[in-house]
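Okay, thanks everyone. Have the viewer open while I talk, and stop me whenever you like.

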Amino acid sequence: MTKNGKNDTNCVTYETSKIQPTDIKDIIEIAKNCFMEPWSEDLFLSEINSKDSVCLKSRSGKSIIAYIFARYFVDELHIMHIAVLPEYRRQCIAEYMVNTLLTDYKAKRYLLEVRS
């Protein structure tokens, strides 16, 4: 059983680090696997290159399996985009990445908007 009390979740920690522009092809593939209308390459690169953005990836071996994009707006950190490859879901990867943001990137407030 995991800390969230669910028997159907297997929490695993994967290496998490900053996204580099050279990761863009892998990031786009994850987005295509996870969203009907993924961000464009230009939008991803804009965030990766922005001094106000936090862009993290998680790896399993050499493969990128998840990402999170957040951006500072004054004293708030907005989580703008998060994705985990379908075969790696239910392992608490997204939760770990969000917790990394909360721990390593300080803000007065954190925002996450979702859509159905």
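So, strands β4 and β5 run parallel, with 4 bridges joining them. β4 covers residues 76–84 and β5 covers residues 109–112. How does the chain cross from β4 to β5? It goes through helix α3, residues 93–104, and this β-α-β crossover is right-handed.

On the way there, have a look at Tyr88, which sits in the loop between β4 and α3. Leaving out neighbours within four places in sequence, Tyr88 is in contact with Tyr14, Ser60, Ile65 and Ile93. Take Ile65: it is 23 residues from Tyr88 along the chain, yet the two C-alpha atoms are separated by 7.1 Å.

Which element gives the largest share of its lining? That's β4, with 4 residues. Among the lining residues are Ile79, Met80, His81 and Ile82, along with Phe35, Glu37 and Trp39. Leu112, Glu113, Val114, Arg115 and Ser116 line this pocket too. By type, the lining splits into 7 nonpolar, 2 polar and 3 charged residues.

Last thing, confidence. This is a predicted model, with a mean pLDDT of 88 for the protein chain and 89% of residues at 70 or more. The stretch to watch is residues 1–5, where the pLDDT is below 50. Beyond near neighbours in sequence, that stretch has 8 contacts in the model. Okay, over to you.

Methods. Residues are numbered from 1 along each chain as its sequence is written. This is a predicted model: local features need pLDDT of at least 70, side-chain atom pairs count only at pLDDT 80 or more; totals for chains, interfaces and linings use all residues. Side-chain values use heavy atoms; hydrogens and water are left out. Two strands pair if DSSP finds at least two bridges between them. Helices (H or I, at least four residues) and strands (E, at least two) are DSSP runs, numbered from the N terminus. A crossover is right-handed if, with the strands pointing away from the viewer, the path from the first strand over the helix to the second runs clockwise. pLDDT is the predictor's confidence in each residue, from 0 to 100. Contact means heavy atoms within 4.5 Å. On a 1 Å grid over the protein atoms alone, a cavity is a set of points where a 1.4 Å probe fits but cannot get out, and a pocket is an open set with protein on both sides within 12 Å along at least five of seven lines; lining residues have an atom within 4 Å of a point. Ala, Val, Leu, Ile, Met, Phe, Trp, Tyr, Cys and Pro count as nonpolar, Asp, Glu, Lys and Arg as charged, and the others, Gly among them, as polar.
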